[in-house]
Amino acid sequence: MNFYIMTLFPDMVMGGLSTSITGRAMEKGLISVEAVNIRDYAGNKHNSVDDYPYGGGAGMVMQAPPVWDCYEDVCTRLGKRPRVLYMTPQGQVFNQSIARELAKEEDLVFLCGHYEGIDERALEAICTDYLSIGDYVLTGGELPAMVMIDCISRLVPGVLNNQVSADIESFHDNLLEYPQYTRPEEFRGMKVPEVLLSGHHKKIEEWRRKESIKRTLKRRPDLLADANLDKKERMFLEELLAISESL
Ligand code: ADE
């Protein structure tokens with residue numbers, strides 16, 4: 001899977017993504033990450049890529065020509081026109097199911113804006129998706145691009161050492177993950193739940209599903225509307241709801 005990040009701050013994204021699991025995935029050739037510097041397409045001797053907004057107002061706007069030329073260069077090199085994701089707080093809020101869908105692509109371009117944004121004509125010409133990482137405003141699209149690339153990369157086969165963990169993690173079946181424990185067996189008087197020491201795989205599986213349901217109800221009840229539960233699990237949820245209503 002190949003990621004192209006159109007940015008004014010290539011060191012920022014390469015520094016972050018070359019570290020830890022994504023860095024190892026790059027070394028193994030499972031993913032590639034290329035930061036393309038929009039400033040290289042400035043086309044003027046001052047290398048400037050922004051200007052005052054027409055109609056007045058605060059801040060500067062990134063100009064359309066360098067953004068367009070930068071994208072055209074990526075497309076010419078690739079011999080195709082990949083999806084372009086514009087990082088913006090005005091976009092659809094990124095989540096695990098969007099990550100799963102994007103992980104099916106071979107190439108993805110992330111467009112990172114700065115200042116007061118990018119000239120609308122460049123966005124109209126090249127962007128296929130408008131994505132946000134949440135309802136708050138950052139100084140630029142680099143951190144959102146890094147968040148999304150991290151999340152999509154771990155879905156690429158081979159990137160996680162233990163691929164099953166991508167399948168049973170939080171948001172699988174729209175539930176949060178169950179609690180995890182490791183040694184020691186007792187910590188400050190708190191014991192590891194007995195069932196986890198039993199070696200009884202079916203019972204452990206059942207306990208974990210129930211804990212996932214309990215935890216989702218407590219922390220993210222909004223997820224339960226779309227949770228994938230069987231009949232027995234639905235009954236368990238009904239019981240939990242009945243108890244919480246009687247309290
Ligand atoms: N750029 C600035 N804020 C952002 C956000 N919340 N998500 C995506 N891109 C952004």
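This is a short tour of one predicted model, stop by stop.

**Before you start.** Residues are numbered from 1 along each chain as its sequence is written, and side-chain values use heavy atoms, without hydrogens or water. Because the model is predicted, local features need pLDDT of at least 70 and side-chain atom pairs count only at pLDDT 80 or more, while totals for chains, interfaces and linings use all residues.

**Stop 1: Asp119.** Select Asp119. It sits in the loop between β6 (107–112) and α5 (120–126). Helices here are DSSP runs of H or I with at least four residues, strands are runs of E with at least two, and both are numbered from the N terminus. Is Asp119 buried or exposed? Its relative accessibility is 17%, so Asp119 counts as buried. Buried means under 20% relative accessible area, exposed means over 50%, and partly exposed lies in between (1.4 Å probe, protein chains only). Now show what Asp119 touches: Val61, Met62, Gln63 and Ala64, leaving out residues up to four places away in sequence. Contact means heavy atoms within 4.5 Å.

**Stop 2: Ala122.** Move to Ala122, in helix α5. Ala122 counts as buried because its relative accessibility is 3%. Which residues does Ala122 contact, leaving aside neighbours within four places in sequence? They are Ala64 and Val67. Draw a line from Ala122 to Ala64, C-alpha to C-alpha: it spans 4.8 Å, though the two are 58 residues apart in sequence.

**Stop 3: the largest pocket.** The largest pocket holds about 510 Å³ of space. Its lining has 25 residues, and the closest to the centre are Tyr86, Met87, Thr88, Pro89 and Gly117. A pocket is an open set of points on a 1 Å grid over the protein atoms alone, where a 1.4 Å probe fits, with protein on both sides within 12 Å along at least five of seven lines; lining residues have an atom within 4 Å of a point. Points join across faces, edges and corners, and the volume is the space filled by probe spheres set on them. Colour β5 (83–93), which gives the most to this lining, with five residues. By type, the lining has 13 nonpolar, ten polar and two charged residues. Ala, Val, Leu, Ile, Met, Phe, Trp, Tyr, Cys and Pro count as nonpolar; Asp, Glu, Lys and Arg as charged; the others, Gly among them, as polar.

**Stop 4: the ligand.** Select the ligand. Among the residues around it are Met87, Leu131 and Pro144, each with a heavy atom within 4 Å of it. Finish at Tyr136: a polar backbone atom there is 2.8 Å from a nitrogen atom of the ligand.

Conventions: A polar contact is a pair of N or O atoms within 3.5 Å; within protein, one must be able to donate a hydrogen and the other to accept it, and residues adjacent in sequence count only if both atoms are side-chain atoms.
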